[in-house]
Amino acid sequence: MANFDDTLQRARLAFASGKTRNVSFRRKQLENLLRCYEEHENEIISALEADLRRPKQESLIVETEFMKNDIKHILFHLNDWVKADRPEKSFVNMLDDVQVYNDPFGVVLVIGAWNYPLQLLLVPVAAAIAAGNCVVLKPSEIAGNCAKFIAETIPKYLDNDCYPVVCGGPSETAELLKQRFDYIFYTGSTRVGKIIHAAANNYLTPTTLELGGKSPCYIDKSVELRTAVKRILWGKLINCGQTCIAPDYVLCSKEVQDKFVEEARDVLKEWYGESIQSSPDLSRIINQNNFQRLLGLMKSGRVALGGKYDVSEKFIEPTILVDVKPDDPIMEEEIFGPILPIYTVENAYDAIKFINARENPLVLYIFTTETDVLDLFVNGTQSGGMCVNDTIMHYAVDTIPFGGVGMSGMGSYHGKFGFDTFTHKKSCLGKNLAAIGEKMASARYPPYSDRKASLLSFLLRKRRPLPNLYLSHVLAVGLGVGLTVLANYYLQVRKGKLLSR
């Protein structure tokens with residue numbers, strides 16, 4: 001494991017050299033990464049097919065196109081993001097320069113996940129590069145073909161000292177976590193997230209944990225059910241349910257449940273034909289461990305639709321379970337497969353009570369056309385995010401943050417929020433040394449007196465914020481007003497002299 005020391009040392013020296021602080025260097029690295037995606041798209045799709053039997057269209061949407069658009073968005077806005085922020089100033093700082101600089105943390109570690117093995121690694125990596133950090137990339141060993149692609153291809157496009165790739169399994173990851181990083185970004189299970197967080201505590205290293213949990217989906221009778229069923233099943237079955245934001249269970253009335261099952265039967269036939277197993281449009285479970293775990297979960301409740309499986313192909317038919325109990329294993333464990341349990345409730349109040357009795361979900365899905373019902377969930381629940389009348393699609397909006405809360409994670413990213421995640425906000429106050437500034441500040445010096453205390457109280461008193469103007473602007477306005485007054489005075493004097501004649 002000595003090579004980890006060497007890898008980190010090279011990254012630290014590279015960061016200390018200052019080259020990643022150069023915005024042109026960052027931009028070039030991001031352009032190279034974008035070129036990598038474009039030049040190796042077919043290889044990426046083949047690797048995903050080999051690991052997950054992922055359909056090409058899904059790989060295009062959720063991996064390659066998503067990653068390309070992410071980098072393009074960064075490149076469009078990077079010059080604005082790196083600029084120092086100039087917050088509003090109080091009266092006492094009117095003559096001063098108040099700024100917040102966007103500093104990179106240093107050397108950061110990004111650990112990817114197997115279910116979206118490129119996107120969940122390389123999207124945060126791009127944000128870390130944009131913020132000026134050096135990055136150690138750790139792909140998931142479970143998606144072996146994608147890990148091989150990353151290890152062999154990424155070093156051909158990125159600076160090898162600044163952005164090394166480290167491969168390996170749990171033992172290598174454990175050794176890697178003994179190193180001191182300036183930031184750690186992890187995507188994966190809550191169980192491993194706790195391990196990552198504990199390791200980070202040794203050096204008080206800040207972390208972002210993108211975890212999972214059980215994301216509920218509430219449906220009321222006001223919605224057009226056919227459309228709702230399609231959107232819910234699509235969100236559930238993309239990547240064969242192996243998605244951290246897949247709807248994990250449905251909450252609805254008994255009446256809606258029965259209609260949902262019948263609609264689902266028609267939709268699945270429309271999508272996959274008579275033989276779902278023969279369809280090229282449904283992925284497979286990643287490995288036998290997860291496959292056997294899912295078979296155990298299918299013993300909960302009663303199969304209302306689906307239920308077939310094939311061990312040799314790691315195939316599980318899209319399955320809907322009903323009559324599940326709150327303490328059934330499938331209602332307590334994140335599913336990560338094409339199984340959708342339905343738990344019946346009488347109304348939105350019961351659904352909210354059920355949700356709030358459990359850990360905070362990564363996302364909460366609400367299907368309703370009633371504003372009052374939506375408001376109940378917005379104000380009465382806590383989740384990493386919400387999506388109304390659709391599933392998954394909120395993830396693609398790069399102007400809103402994506403992340404969890406509580407057991408579903410901490411921190412967020414995507415777009416500007418990703419840049420901010422990997423940026424230390426360094427505040428800076430620049431005081432004015434002119435005589436007027438020192439005169440105002442001199443009241444803080446001994447010997448103290450009531451007069452000085454009164455002056456300080458006046459200067460420090462909170463007031464409504466002043467416009468964020470530079471002193472030169474203030475002087476220009478003052479000069480303009482002064483010249484106007486002088487001009488009016490001159491005209492009045494001249495007019496008086498003319499009248500006296």
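**Notes on the aromatic rings**

1. Let's start with tyrosine 272: this residue is buried, with a relative accessible area of 11%, which is under the 20% cut-off for that label. Keep in mind that we are looking at a predicted model.

2. What about tryptophan 271, the partner of tyrosine 272 in an aromatic pair? Tryptophan 271 is partly exposed, because its relative accessible area is 27%, and that label covers values between 20% and 50%. The centres of the two rings lie 6.2 Å apart and the planes meet at 90 degrees, so this pair is edge-to-face.

3. How many aromatic pairs does a search of the whole structure find? The count comes to 14.

4. Tryptophan 114 is in the loop between strand 2 (107–111) and helix 5 (119–130), while phenylalanine 336 is in the loop between strand 11 (319–322) and strand 12 (339–344). The pair links distant parts of the chain, 222 residues apart. Both tryptophan 114 and phenylalanine 336 are buried.

5. Aromatic residues also group together here. One cluster is made up of Phe66, Phe105, Tyr183, Phe185, Tyr395, Phe402, Tyr413 and Phe422.

6. Finally, check out the arginines. Arginine 358 has its charged end over the ring of phenylalanine 354, 3.6 Å from the ring centre. Arginine 463 places its charged end over the ring of phenylalanine 458, at 4.7 Å from the centre.

Technical notes: Residues are numbered from 1 along each chain as its sequence is written. This is a predicted model: local features need pLDDT of at least 70, side-chain atom pairs count only at pLDDT 80 or more; totals for chains, interfaces and linings use all residues. Side-chain values use heavy atoms; hydrogens and water are left out. Rings of Phe, Tyr and Trp (its six-membered ring) pair if their centres lie within 6.5 Å; planes under 30 degrees apart count as stacked, over 60 as edge-to-face and the rest as tilted. Helices (H or I, at least four residues) and strands (E, at least two) are DSSP runs, numbered from the N terminus. Buried means under 20% relative accessible area, exposed over 50%, partly exposed in between (1.4 Å probe, protein chains only). A charge sits over a ring if NZ of Lys or CZ of Arg is within 6 Å of the ring centre and within 35 degrees of the ring normal.
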